[in-house]
Amino acid sequence: MEADWAEQIRVAFPGPAPNAPSSPVTTFAFDTSQELLWTGNEYGRVTSFYGPELQRYTSYRGHANTAPRGAPGNALVKQFLFCEKGVISVSPRSVHCASRRGLSQWHISQPDMVDLRCMSFTGRASRDDEIVVAGCQQQLYRIDVEKGLVIETLSPVAAIPYTMMRRSTTCICAAAHDGSICLLDPYSLAIMHKWQAYAGTVNDMDARGDHLLTCGWAHQQYGGLGLERLVRVYDLKHQRPAAPIAFQQGAAFVRLHPKLSSTCIVVSQAGAINSVDVQNPDVPLMRYVQTFDAQLTGLELMPSGKGFAMSDTHCHLVLWASPSKVHFTEYSKTTEFSDPQMAPKHLDWAADLPFNLIGMPYYREALLSGWPNSLVHEVGAPPISFDQALLATLQKTDIGLVGPNSRMTKRCQIQNTRASSKTHEALAAPKFLSEKPRSENGDHEAERRLSEDINRTLSGMSIGASGPLDVLAYYRPVEIKYSKFGVDDFDFRYYNKTKYSGLETHIVNSYANPLLQLLRFTNTARNLALKHTAQDCVYDSCLLCELGFLIDMLEKAQGQNCQATNFLKALTRQPGASTLAVLEDRTVNTPLTVMVQNLNRFLLNRLSDNYHRIASNGGEMQGAFATRGSAFSRCMHCSYEDAKEQAWYTHDLIYPAKPAKNSPRAVRHTFTRLLQDSVHRYDQQRGWCMRCQSYKAITSRRVVTSMPAVLMINTAIHSPEARQLWATPDFLPREIGIINANSQFYGYEGQDLQHHLQRNRHTITVYELVGVVADVAAGEAQKSHLVLAVDASIADADESRSSDWQLINDFLVRPIMPEEALHFDPRWKLPSILAYQVKSKSHVIDSSWKSTIDTSILYRSVPQPASTPFYKFQPLSSQEPVPSSATHCAIDAEFVRLLREEIDMGADGSRTITRPARSGLARVSVLRADDPYPELPFMDDYIAIDEPVDDYLTQYSGLQPGDLTVGVSRFTLVGLKEVYKKLWVLLNLGCNFIGHGLSSDFRTINIHVPECQVIDTQELFSLGHRSQRKLSLRFLAWRVLEEDIQQDLAAGHDSIEDARTAYKLWRKYLQFVDDGSLEEVMDDIWQQGRRMDFKKRLR
């Protein structure tokens, strides 16, 4: 630093929008080849400045910001690197490369990129061909700079949260979040050396040659952390510490001089600058920066060594250099500027100006303005579409269907259907799977076109002026489209690319999907449900068992769509459900937010009742969800007080009364204060006094004696004041603390919570927010519906995972930032249900139920009346080995149609399926497939159906009317839950299922079986590249086994015969594979099939 160095210019960093205030600089760096200074902000925008005057050069959006409008950005640009292609920038969720003119070269964003912090060139090839990117997460990435591809993803067992990287001559110096520093091998990225440098974090560091200089946070003399008054020096050549450099003002930032190898610049937050020789630190050159009550936040030296730049908390960039020698790089390349715009030709508008001097666009067809009026006319408006839930409530009369008016309009008010038909979702529906291109082996290609990608904004490099996709689009209702192949043809992966499964919506009462997903991500509910399900519960409509089945299916599906059919069917059978406004077909004009809060209360009470049916005591259930205490009521006339012990499974929030107009000032209300008042629930109303024997004024209150592991809270927002209260920024805390002492309930959050935790004078229970069921109306013409924002990391056994918030909108699942999840707006998004769980229960995933599954239900199967002379049946016995992962079972199921599909005919004659046909499970047969009893059935159950059957499908199912009716059937009927429980037990014991077309069967049964446990002969004998056709079981049996099956159309299929045939085909397949003749057999099947149209003619 020369004597004439001084401040040359100070500029304010531009804001995120043209009229927005300045935003803080998150990182900045000098270009290594041109006279440019590059800067980044928290909104993902990269801006460059040219020359000593810091003139604006380029500005582009390199990273997507998903924070709500007005909230701080969540796409902080963390670091820059420079190469021949341009500028590489990194933010928490993506890596971006753009040319110096701002044109995008490549962009990388992956689901597991959640908190990237730093990057460095590896130097494996030429210096700028490969980089390594790391952060406070499990994975590290090697990226090819030229191709813009991730060439390797590293997931070390002991992941280190790296926050800073600097490349030296021999290694990569990486600082970790815990204050340690690692020296990484640039080729293998293995740790060569590691040491703990600071008690806090490393604030800044720089490496050049054989020296590594660091600044960081250390313990101060009187407690707490502060910037250390030393710059620590480390000798990289000998890997040992060297003499530190004293800096009394507190070293905040340090940079080594690019030309003088032993000289460094040290800066404090207050503006003190020292130029020090590392080898002779006793004679520093000291200067001071005028900060104007700000603190410095960054330091960067010019590559030429002729100056440096600083940033401060006032959003300023300050350039220090010599007035006569300032230039950023020593041999800079010419910076390319845009061509000057030609001034428009001035035309003097006068009465005699010829029209041919005025330019006109070229066109080949007649303009619309030139069409005659006879061709312009108005067509009829589309008809009003009625909600299916409304049609179910209408009653048939002589004049038609009659029912209450569910619309918010008057009786005879005309609805503008044109306006409603023009409103469309921002997310276009994907193509059907049958319309997508296939790979050579017949599978659908994983890569879809950019026009079909829901994240095409970043993946397609379209983050320019048009901006990202509207965030509200992800909150709007999503609908399943049906092709001629049914719901199986719908591309659910278009909406969900995560490992968390969504739930389908074409089922009655599917509004409950967000609440069910919330319970799935609440560890306490998950563990309790699965533990109960593994026991022998014989109650046919047990909601706790159905919840366990659903949670297990969602976990096994790993991102594939599921449906809550069985749970919702059991819900409709619950006593009292039809009178409590929790069923869609029994409720009219009830808002969804009210229905889901009613369901929350009803469901938790029913789960408790179901738990008590087989549990010796209800302590575990009440400890999980019940707030236990006493409810006191006192007569204001005679002071008679009555007390009752109660358990509350939910709490409805009570909001403060509206302040008077002449109130001196508004009182700030916190969430924990609302919760405290809602739990105590002081109230006054008229009631019956036992002593006075008349109605008197009664005051009531609650006294809490114990708190549960999970707090389920209904927000109960019914007034404008309550809606506005939720619009307060950061109103909903991520963590709350509860003190329950002396029969009093106290809640704390934020700094108050931290203060009580530090004092540790009272036993305080810390609860962590699991998720929020929100009521959204994302559009003027959109009906309100429910979504879930949930922290999925809490339900992960990996304790190192930080927050992982997901938006679950039925079958649409995508990651979101915590700020977006907890942001509420009275205009379109308000919370309905909150779930808080004790923090100690996070990451506690109990899998012990798998080893304690009660298998007694497998031994309760009974034989059926023999339909053929060859019918054999032998139930499992205790002498046989318990089924395990080495067990093979052949399975087949038969179904009946409960409801026909509904088709909407368009004005142009097009047919659109609005509701698919609904099938019901009718018969399940399971055969042994291992020695010593292969092909012998041990399960042949017929399911009793208590709802109308539209078609028994006798040609396929072999069932006749009355076969599934209790008291009429010739078979021994069982309940659906018993059959499902048997299959679920076999599944979780690890059994392998053999069958034909099992994916369709399992979907209708509503169970998810992992691919590793499925042996589908339809896939084993797939034609592959020869054809996309799926071969029928009957054709394969004729061609491969030389057997004729399914001959009698009147009698229909026999599930035991079909399961046995699938088993034989599997054995034949293994034989063909062993002797190497599989391809010859498939060629013969292909040739014979083409000749006979893949059909075996009936005799």
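Mentor: Start with a definition: a salt bridge here is a side-chain nitrogen of Lys or Arg within 4 Å of a carboxyl oxygen of Asp or Glu. Keep in mind that this is a predicted model.

Now the close look. R100 and D31 form a salt bridge through their side chains, with 2.7 Å from N to O. The two residues come from distant parts of the chain, 69 residues apart. R100 sits in the loop between β8 (94-98) and β9 (104-108). D31 sits in the loop between β2 (27-30) and β3 (36-40). In general, side chains of opposite charge can pair when their charged atoms come close. Across the whole structure, a search finds 45 salt bridges.

Next, another loop. L54 lies between β4 (45-50) and β5 (55-61). Its phi is positive, about 55°, although L54 is not a glycine.

Now a surface feature. L368, W371 and L375 make up a nonpolar patch there. Together they have about 360 Å² of accessible area. L375 belongs to the loop between β29 (316-321) and α1 (388-391).

Then a helix pair. The axes of α6 (residues 543-557) and α8 (residues 592-612) come within 8 Å and cross at roughly 105°. From α6, L543, L544 and L547 take part in the contact. From α8, the partners are L603, R606, L607, N610 and Y611. Of these contact residues, six are nonpolar, one is polar and one is charged.

Last, a peptide bond. D931 and P932 are joined in cis, with omega about 10°. P932 is in the loop between β48 (918-928) and β49 (937-943).

Conventions: Residues are numbered from 1 along each chain as its sequence is written. This is a predicted model: local features need pLDDT of at least 70, side-chain atom pairs count only at pLDDT 80 or more; totals for chains, interfaces and linings use all residues. Side-chain values use heavy atoms; hydrogens and water are left out. Patches are made of residues with over 30% relative accessible area and no salt bridge: like charges are joined within 9 Å, nonpolar side chains (Val, Leu, Ile, Met, Phe, Trp, Tyr) within 5 Å. Accessible areas come from the Shrake-Rupley method with a 1.4 Å probe; for residues, only the protein chains shown count as cover. Helices (H or I, at least four residues) and strands (E, at least two) are DSSP runs, numbered from the N terminus. Axes are lines fitted to C-alpha atoms, for helices over the stretch in contact, and angles run from 0 to 180 degrees between N-to-C directions. Contact means heavy atoms within 4.5 Å. Ala, Val, Leu, Ile, Met, Phe, Trp, Tyr, Cys and Pro count as nonpolar, Asp, Glu, Lys and Arg as charged, and the others, Gly among them, as polar.
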